[in-house]
Structure formats: C-alpha cells, structure tokens
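Work through the exercises below with the sequence and the model open. Each task is followed by a solution in steps.

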Amino acid sequence: MMNFCKHLALKLDDSVKITFVVTEEWLHILESDPKPPQIHLRSVPNVIPSEFVRSGTLDFDSFLEIVVAEMESPIEHILNTSEPANVIIADFYFMWAISAGNQRNIPVVSFWPSTSRVFSVMYHAELLAKNGHSLTDLSDCGDKVIDYIPGVPPTRLVDMPLFPNGNDPKFNPAMVAFSMLDKVQCLLIVTIYELESQVTDTLREKFPFPTYTIGPSISNITTNIEQHHHIHRKNTESSTVKYICKSRGTFLCRMARLPTYKLRPVHRIW
C-alpha cells in the first residue's frame, strides 16, 4: 500500500495529498522511511495486537475480527476531525471503510493485496460448495482438477488458496468482505495484468465498477524520490530545468491499464 501511494505521489506530484493512516506502532516503523512530501502519516492507538507477536499467537481470521471490531472508531475520529477526503483507499478486508465512505459520500477504493486468481476463487467460493468441494481439508481430494471458477484455468484443488475456516461468512469473517463488494466504487488488484489477463478480464466483465491491476508495487523507489526532490529544488531556482518523470508514471498507468489522460487530479486520498 505504501509503495503504491509513493507511485501515486510521484505521478500526480503536487496535485495530490495522501494521508496514510496506521497504528502508533507502525508510525514509528514508517516515519523514518523516505517518502514524497505529499504523503503524511497519521496514527491511531495500538488497538490491535503488535506486529511482532501476533503471527505466533493469532491466525488471520482471529486477527481480522479484532481489526474490524477495534479500528473503526479511531478511524471514524480521524475522518471527523480532518479536512474532507476526496477518496478512501483501504485494504479489501477493512469493511468499516466502506461504511465510513458511503456515509460521507466519499468514493471507496478497495485494495486487494493478492492476485486476480486468488480473488476469483474466493469471490466464487459458493461454486465450490455447489460442486461438493471444500478448500478446508484437502487430504482426500487435493489432486482433483476443477474448471468451473470463472477466468481460472483448470487447477488442482491443492493449488487453490486454502480456506481454513470454510467459505461460510458465519464462520469465516474474511468472506464477509466479498458480500460488501457492491458498495465500493473501484477495485485495485496487486497483480501484473499480462500474467493474469484472462481472469482479470473476467472480473472486469462481472463488476459494474472499474477494476485495475497495479503490479506488485514492491520496487524500491527511494532513489527516484531523492532525484525528484533534487530536480524540483533546481526547478524552483531556475526555469531552465524541467522535471521529467522518467518511467515511473508510465509504469503505473500501464500496469493499471489506465490511459494517462484519464488520470484526473485527486486532491486528497485516505
């Protein structure tokens, strides 16, 4: 998410202001990380288990339940005490972000931090039950090949993402987020379109809102940030020096399959 925001800041320059909200623990981790000046960190109290201990004490679903229950109130406080945002970008599983945006008429962009293939499997989980298959325990049928997940080529069950708690929202809080997908205005998938074009196009045909792939967003752009600052300072001192974005903005647009002319300025992003 942070790397994606850095790409946005470098592409949109001074036309965007990004408020990146994290816990106090993560604030101390990220505050020394080089960032474009358009990115501002805000923190909420440490209402969720520490990053350094939760991996050994909580599974993902248990952790998600705590995030959903405890983070909504402090995030609401920030939204109520800050200047209005033009758009909210939130992790796919942060369901309260959808409610917060809809209540304030702020568009919500859902950030899916995995591949299009995994998304399609989880979104169409009811097809597994309909066909008598389960991704909870694959000890007896892992080599079974299925071909009914839209956009996904024939795949062994053992190669599908595992659902330790099943695909029923009553028992798996992760699945609740998929039931709220119709309330978002855009979906971002952290994948490379050229590697998953078939399943990505299938998802785009299904949803009424835009769906973009943004690449893995894992590259180290510290050098580009420093170069940007250096050239920007020169540009303010002399009109003979022009800032050229090189390939970073082009990379973002290409991976998102979004023509450059369609990237309208966004003034404030959560």
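The exercises cover a nonpolar core, a strand pair and salt bridges.

This is a predicted model, in which local features need pLDDT of at least 70, side-chain atom pairs count only at pLDDT 80 or more, and totals for chains, interfaces and linings use all residues. Residues are numbered from 1 along each chain as its sequence is written, and side-chain values use heavy atoms, with hydrogens and water left out.

**Exercise 1.** Find which residues have the most contacts inside the largest nonpolar core.

Step 1. A nonpolar core is a set of buried Ala, Val, Leu, Ile, Met, Phe, Trp, Tyr and Cys residues joined through side-chain atoms within 4.5 Å; buried means under 20% relative accessible area, exposed over 50%, partly exposed in between (1.4 Å probe, protein chains only).

Step 2. The largest such core has 23 residues, and Phe92, Tyr93, Trp112, Phe119, Phe178 and Leu187 have the most contacts inside it.

Step 3. Elements that each supply at least two core residues include strand 4 (108–112) and helix 7 (116–123); helices (H or I, at least four residues) and strands (E, at least two) are DSSP runs, numbered from the N terminus. Helix 7 gives the most, with 3 residues.

**Exercise 2.** Determine how strand 1 and strand 2 are joined.

Step 1. Strands pair if DSSP finds at least two bridges between them. Strand 1 (residues 17–23) and strand 2 (residues 39–44) run parallel, with 6 bridges.

Step 2. Isoleucine 18 has isoleucine 39 as its bridge partner, and valine 22 has serine 43.

Step 3. With helix 2 (residues 24–30) between them in the unit, the two strands make a right-handed β-α-β arrangement: with the strands pointing away from the viewer, the path from the first strand over the helix to the second runs clockwise.

Step 4. Strand 1 is largely enclosed by the rest of the structure, because 5 of its 7 residues are buried.

**Exercise 3.** Locate the salt bridge of aspartate 33 and state what it ties together.

Step 1. A salt bridge is a side-chain nitrogen of Lys or Arg within 4 Å of a carboxyl oxygen of Asp or Glu. The whole structure has 7.

Step 2. Aspartate 33 pairs with lysine 6, the closest N and O atoms being 2.8 Å apart.

Step 3. Aspartate 33 lies in the loop between helix 2 and strand 2, and lysine 6 in helix 1 (residues 2–12), so the pair ties together parts 27 residues apart in sequence.

Step 4. Lysine 6 is buried, at 5% relative accessible area, whereas aspartate 33 is partly exposed, at 25%.
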